[in-house]
Amino acid sequence: MKRNRVLSVLVGVVFCVAVMSLYRMLELMQGADPQRHGETHDVQVDEDLTRLQQKIDRLERLLNDNNHLVAMLRDSLLQRKASWERVKRGANTSADTSVSPVHLLPGCRLVEETANGADRRQLLDVYDLLPFDNPDGGVWKQGFEISYRGDEWNKHPLELFLVPHSHNDPGWLKTFDGYYQDQTRHILDNMLTKLTEDSRRKMIWAEVSYFSKWWNDIDEQKRQMVRRLVEAGQLELVTGGWVMADEANSHYFAMLDQLMEGHQWLQRHLGVKPTSGWAIDPFGHSPSMTYLLKGAGLSNMVIQRVHYAVKKHFAQQQTLEFLWRQSWDSSPRSDITCHMMPFYSYDVPHTCGPNPAVCCQFDFHRLQGRRVFCPWRVPPQPITEQNIKERALLLLDQYRQKSLLFRSPVLLVPLGDDFRYVESSEWDVQFANYQKLFDYFNQHPELHIKAQFGTLADYFDALHRRLNAAGTTLPTLGGDFFTYADRDDHYWSGYFTSRPFYKRLDRMLEATLRGTEILFSLTLAEMRRFRGDGRLVEDFPIREHFQRLMAGRRSLALFQHHDAVTGTARDPVVVDYGTRLFRSILNLQQVIQSSAHWLLLLDKTQYQHDQSKPFLQMDDVISAQDALPQKTLLKLGDEPRSLIIFNPVEQLRSSVISVVVDSPDAHVVEVESGRPIAAQISAVWVEPSRVSSEAFQLSFVAELPPLSLVVYHVTKAPAGSTPRARYTVHRRGNLPAVQTEHFQVSLPVGADTEALLSLRNKHVQIWSSPETGLLQKLRLQSGLVHQVQVQFLWYGTRTGANRDKSGAYLFLPGEEGAQPYSSSEPPLVRVSTGPIFSDITSCFQHFTHTVRLYHLDGHAGKSLEISNLVDIRSEVNRELAMRLVSDVASGNRFYSDLNGFQMQQRRTLAKLPLQANFYPMSSSAFLQDSQCRLSLLAAQSQAVASLRPGELEVVLDRRLQQDDNRGLGQGVTDNKLTASLYNLLLEGRRGVAQEVGGNSVEHLSLLAHLNVLSLSNPPVTMVAPTDSQLPKLRPFLPLRSSLPCDVHLLNLKTLEDAQEAGSPSQEVALLLHRKGFDCSSTPDPPPLCVWSAHEEVNLADLFSPLQFRSVRPSGLTLLHADDEPESAQPHIAPLRPMEIRAFRVQFD
């Protein structure tokens, strides 16, 4: 009976879907009246043919989507049938239940297989083992005494590589340009001279942003000298990124983009490909960066800023060199050889060995009479014939002690610091004195050391050669190195939130850049198809737009620097960064406007480019680098205003579009079908209890096909014809007077003043406090009610004259911990209900908090949208946090994302101070137990913690009056009115073990992935002029159907022409990321998109009807050296869960 019932239901569903699809197809084929308001009856034949072609294309898309749906239902039916057969054969019912969700999502088994069988040590286990005490280690304060007999190197002599370097921050205490003029250009000028003088001298350089600027300033003769130094191996470009990127706040799109920008520059100008990474100053390290480096062709890397207790443990175990593997990957594909520097810093006193007082004596820049000195009060001595033996043996002792921390007799010793080698004399004293020491070492074989200047390539080549010869294998490690502490309880968790305004602006530029890249690439492809000869349209400003794109890439890349997106630069430098971000957003918007204009025109000959008066205007306008976006006021009349919506994501989505109009009644029509669209008019609140009488918010639901441009018409409507939001205003004590003639505003009376506030849609119901408006509990469609409370908290900092306090880097809260937020005045609470969305807004003194429910199907209707507008400029040494308190039995575990790329389990440890239990969160975090998962998804990066079971909190802003003694020399007091945006998603879980924990690899659910995609890439709304003589516009629909749910179009990026600098080539970088998704939360009903159980993707199917003339798989930074040979089936490409693949393509 059970089997028959299941089959009957599924067959019925298929029948209903088929009937509804056919009905929709007939409706589309009949069409709507093609004549629009204001159009003449003289419709040209080519317009009719175009409309017919569009309807056929749409019909084809619907059939394609219907086929996918039927295939899914068939797979589900077969899987249920197989389950039923197992039950009939007596299979264990509980086991069947535990795997049923996996069967519902075919890709789940592939995701699990990727992570199974992982044989590696996890950093989480190390954290559990360590006592995190801090005993005095002697001369190596954070370590231990090192002793040796002296004969350890007799058989295998010590092989030393001294690596000169200069760490150049692209902005910190000075701006990027300020540092370049004052220091960096002199360093590179001297490098050219001094390396040329002696072929034994070597140097490494990391920041391509500076190197490219210097390259533009030097003549061709000097460029040839640089090329010779690179070819000779004297100068090595390490990592090759535009900057040495932050690894906590940066999103993986931007991390990869800045790497690609640097690598493409190096390929173009020097013809080199970096092989080793150099990350000595980011404040903690992420495996997401190692994945990108490995995918870009690097095989080795060096890191420095790791918790001192972890360094000590690794040194004791001789595991400072290891194979760093992704936690989700059971294969060695992602492995990269990592060298962890063992001591406190990357400066000379902390790199030659464990005793900084001795090592400082071999930093010859600190010779007496020079600007820098040794704080240990024993200065360096020039090397002479009289002292060389004593000096050489003293230094050799440090080298030997350091080498005992590693498994190989090959030793890496950096020689440099911040902005070193500015003066020519510094090069002279360092190279001359060290060469004397090396000559002495090499002339005395009884010392068993071979010493030389070297690069990272020299070091790692020798290391792998020695390891292979000895048959030694390095241990394999998984996990990340957050949260970093450099001494005592000084945890660097403050910078996860510092300057949140600019962290949000960073993500706005990222979204704008990604959308512009995709639309520009599609525009060029469409132009070549339109012309038929592969050439581009003459009057379109292609070169100017491409240069705006390049400048936008470089602005975003520069801001990924570990003193930029981190919020740890001085105030004028922050303004400089912000101005670059702001200007790039404006320039990229010009490219979007121009591209959309050309794509939308039915008659392409009508295209005219007028920079002073663009055809399309952005709806959201940013007026300054420190201002939030504001909506443009649209004046409505009888003539339709055209709204153009660009969907920058690869999924069909229903999005609520909001614009501000001058009329309380408006009519919205989807132009292509002529279909009227349901809308809602809401009040524009200029103050918590004052409504604008001149501006009104118009909201409607737009159905946006993937990567499409869709046109809507908005006209003024008869009075009272548009549904309006209704408001109830609450405030404990004195109720405010709200004056408005256009909206119904009521005040609660009697029992209503004490009743919980409630909102609901078809998926979820919420209850909030009538006193604060803050969320209290939540009910899912299944009927389960969960406690989910929102609270706001203050953190202060430590008190006392001689005590360290919080600053830009450090979070050092007071002993009292978090204190509940309270204000002298009770908040004003507004409850709004309408047909498109309903929300509850709480207006407190320091923030305005809104929880919104959308009345939508799909993922947008299943989550709560939470937005905060924060202003703490009146405060002194305070940090504002938002905490969720739930009944999820999560224990001491929670999960936060690393760079938006992967999830990492976290464990809240009582043996660590409060500030140590905060971690970076770029876009998501969740709590879970065996029954449910609570996910907080974010549009910006910030600090996150789960200090008690069921709790999740994020730090919203911090205002700190003092420096925290890490070199910045100021506090953080340049706060702005700052917006933050989240989605909150509660999902049931099925088929998971009762005990939640261990080292499990977890991913976001499919719904969470779709939510993050929408949060990170909102639709772009543009407005056409009011002119009644507007040219005919038609929607641009480049894809026949959505990409699979788990395949993300990371970028579609036009590459620079190899011959003509600053011009676009015909080659496009296609980057795809296949998401790993959680299998325990099966969406019901399933999303409209499909997914696959196969390891390959068919690019021709994914991007139909777009056609590729050529497809060449390459490395993640699209270097020609990483191009794979052409295959017999170039459109079929392996793409495993979690992997990013890059392809060099040309559109046909």
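These are my notebook entries on a predicted model of one protein chain.

**Entry 1. The chain as a whole**

I began with the overall make-up. The chain has 1148 residues, and 61% of them count as buried. I found 21 helices and 49 strands listed for the chain. I then looked up how far apart in sequence the contacting residues lie. Among contacts between residues at least 6 apart, 76% join residues at least 24 apart.

**Entry 2**

Strand β6 (residues 300-303) and strand β8 (residues 336-340) are paired in the parallel sense, over four bridges. Across this pair, Ile303 stands opposite Met340 of β8.

**Entry 3. Lys311**

Lys311 itself sits in helix α11 (residues 308-317).

Which side chain of opposite charge is nearest to Lys311? I found that it is Asp347, 10.0 Å away. Lys311 is buried and has no salt bridge. A polar atom of the Lys311 side chain lies 2.8 Å from the backbone oxygen of Gln304.

**Entry 4. Helix α7**

I examined how far helix α7 is covered. Seven of the 10 residues of α7 (residues 208-217) are buried, so this helix is largely enclosed by the rest of the structure. The buried residues are Val208, Ser209, Tyr210, Phe211, Ser212, Trp214 and Trp215. I also recorded what they pack against: the helices α6 (176-197), α8 (220-231) and α9 (252-269), and the strands β3 (203-205) and β4 (235-237).

**Entry 5. Disulfides**

How many disulfides does the model hold? I counted three.

One joins Cys352 to Cys359, with an S to S distance of 2.0 Å. The torsion about its S-S bond is about -90°, so the disulfide of Cys352 and Cys359 is left-handed. Both Cys352 and Cys359 are buried.

Another joins Cys360 to Cys374, with S to S at 2.0 Å. The link of Cys360 and Cys374 has -105° about the S-S bond and is left-handed. Cys360 and Cys374 each lie in the loop between α12 (356-359) and α13 (388-403), 14 residues apart. Cys360 has a relative accessible area of 0% and is buried. Cys374, at 6% relative accessibility, also counts as buried.

The remaining entry on my list joins Cys1045 to Cys1089, with an S to S distance of 1.9 Å. With 95° about the S-S bond, the link of Cys1045 and Cys1089 is right-handed. Cys1045 lies in the loop between β43 (1020-1023) and β44 (1047-1056), and Cys1089 in the loop between β45 (1064-1074) and β46 (1096-1098), so the pair ties together parts that are 44 residues apart in sequence. Both Cys1045 and Cys1089 are buried.

I looked up two further cysteines for their accessibility. Cys338 is buried, with a relative accessible area of 0%. Cys932 counts as buried at 2% relative accessibility.

**Entry 6. Glu650**

Is Glu650 buried or exposed? I found a relative accessibility of 1%, so Glu650 counts as buried, the limit being under 20%. Glu650 is placed in the loop between β16 (641-646) and β17 (653-661). What joins the side chains of Glu650 and His1048? I recorded a polar contact of 2.9 Å. Besides His1048, Glu650 touches Val1047 and Leu1049, and these lie within strand β44 (1047-1056). Glu650 also touches Arg514, Pro706, Leu707, Leu1013, Ser1042 and Leu1043.

How values were computed. Residues numbered from 1 in each chain as written. Predicted model: local features only at pLDDT ≥ 70, side-chain atom pairs only at ≥ 80, totals over all residues. Heavy atoms only, no water. Buried < 20%, exposed > 50% of the residue type's maximum accessible area, 1.4 Å probe, protein only. Lys, Arg positive; Asp, Glu negative; His and termini not counted. Salt bridge = Lys/Arg side-chain N within 4 Å of Asp/Glu carboxyl O. Polar contact = N/O pair within 3.5 Å; in protein donor to acceptor, adjacent residues only side chain to side chain. Disulfide = S-S within 2.5 Å. Pairing = 2+ DSSP bridges. Contact = heavy atoms within 4.5 Å. Lists of a residue's contacts leave out its neighbours within four places in sequence.
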